[in-house]
Amino acid sequence: MALITVKHKGDFKKTDSFLNKMKQKYYMNQLEQYAQKGVDALASATPVDTGLTAASWYYEIRVSGDAVTIVWSNSNVNKGVNIAMILQYGHGTGTGGYVQGRDYINPAIQPIFDKIADGVWEVIKSS
């Protein structure tokens, strides 16, 4: 039978500090900023006819247990159809035709996703 010995030196101050910051949600202000940047990016990338769809982006930050989620939505609905979604994915016309969708959401929001983790991490480290 092998004997394993573990020795340590120091304490867990940095770990405790980090976990307390996470628990106290110091990162929420940072998430608000990125959520708004997402709205701005989506609005500027949305194909414009009347401008209503571009102006209808908003966000919600949902906290549920240990999870925090940013949800971007668009409130421009016509006859029960979300216009942002049919611009993204395409739609049939009333005359039997089809309008091809245009992937504008993913390219607009991807840079925001790329920055969120780094930005929140910096706030946690520096708090």
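This is a predicted model: local features need pLDDT of at least 70, side-chain atom pairs count only at pLDDT 80 or more; totals for chains, interfaces and linings use all residues.
**Stop 1: the largest pocket**

Start with the largest pocket, whose volume is about 190 Å³. Select Pro47, Val48, Asp49, Thr50, Gly51, Leu52, Thr53, Ala54, Asn76, Ile83 and Leu87 to show the lining. Colour that selection by residue class. How many residues of the lining are nonpolar, polar and charged? Six are nonpolar, four are polar and one is charged. Keep the lining displayed. The next stop begins with one of its members, Asn76.

**Stop 2: Asn76**

Center on Asn76. You are in the loop between strand S2 (67-74) and S3. Is Asn76 buried or exposed? Asn76 is buried, because its relative accessible area is 12% and the limit for that class is under 20%. Setting aside residues up to four places away in sequence, Asn76 touches Leu52, Thr53, Ser56, Val81, Asn82 and Ile83. Among the pocket-lining residues you already have on screen are Leu52, Thr53 and Ile83. Ser56 is the next selection.

**Stop 3**

Ser56 sits in the loop that runs between helix H2 (28-45) and strand S1 (57-64). Ser56 is buried, at 10% relative accessible area. Follow its side chain. Which backbone oxygen does the side chain of Ser56 reach? The backbone oxygen of Leu52, at 2.6 Å. Leu52 also belongs to the pocket lining. Then widen the view. Beyond its neighbours within four places in sequence, Ser56 is in contact with Ser73, Asn74, Ser75 and Asn76.

Step back to Ala55. This residue, too, is in the loop between H2 and S1. Its setting contrasts with the buried Ser56: Ala55 is exposed, with a relative accessible area of 65%. Draw a distance from Ala55 to Asn74. The two lie 19 residues apart along the chain, and their C-alpha atoms are separated by 8.6 Å.

**Stop 4: Lys79**

Move on to Lys79, in the loop between strand S3 (77-78) and strand S4 (81-82). Check its backbone torsions. Lys79 has a positive phi of about 55°, yet it is not a glycine. Lys79 is exposed, with 81% relative accessible area.

**Stop 5: the salt bridge**

Select Glu60 and Arg62. How many salt bridges does a search of the whole structure find? The search finds one. Glu60 pairs with Arg62 in a salt bridge, and the closest N and O atoms are 3.5 Å apart. Now look at the accessibility of each partner. Glu60 is partly exposed, with a relative accessible area of 32%. Arg62 is partly exposed as well, at 43%.

**Stop 6: Asp103**

Jump to Asp103. It occupies the loop between strand S6 (98-100) and helix H4 (105-126). Its relative accessibility is 45%, so Asp103 counts as partly exposed. Show the side chain and look for polar contacts. Which distance joins the side chains of Asp103 and Gln88? A polar contact of 2.7 Å joins them. Asp103 and Gln88 are 15 residues apart in sequence, with a C-alpha to C-alpha distance of 5.2 Å. A polar contact of 3.0 Å also joins the side chain of Asp103 to that of Asn106.

**Stop 7: Ile109**

Finish in helix H4, where you will find Ile109. Ile109 is buried, with a relative accessible area of 4%. What does Ile109 touch, not counting residues up to four places away in sequence? Gly38, Leu42 and Trp72. Ile109 and Leu87 are 22 residues apart in sequence and 15 Å apart in space, C-alpha to C-alpha.

How values were computed: Residues are numbered from 1 along each chain as its sequence is written. Side-chain values use heavy atoms; hydrogens and water are left out. On a 1 Å grid over the protein atoms alone, a cavity is a set of points where a 1.4 Å probe fits but cannot get out, and a pocket is an open set with protein on both sides within 12 Å along at least five of seven lines; lining residues have an atom within 4 Å of a point. Grid points are joined across faces, edges and corners, and a volume is the space filled by probe spheres set on the points. Ala, Val, Leu, Ile, Met, Phe, Trp, Tyr, Cys and Pro count as nonpolar, Asp, Glu, Lys and Arg as charged, and the others, Gly among them, as polar. A salt bridge is a side-chain nitrogen of Lys or Arg within 4 Å of a carboxyl oxygen of Asp or Glu. Buried means under 20% relative accessible area, exposed over 50%, partly exposed in between (1.4 Å probe, protein chains only). Helices (H or I, at least four residues) and strands (E, at least two) are DSSP runs, numbered from the N terminus. A polar contact is a pair of N or O atoms within 3.5 Å; within protein, one must be able to donate a hydrogen and the other to accept it, and residues adjacent in sequence count only if both atoms are side-chain atoms. Contact means heavy atoms within 4.5 Å.
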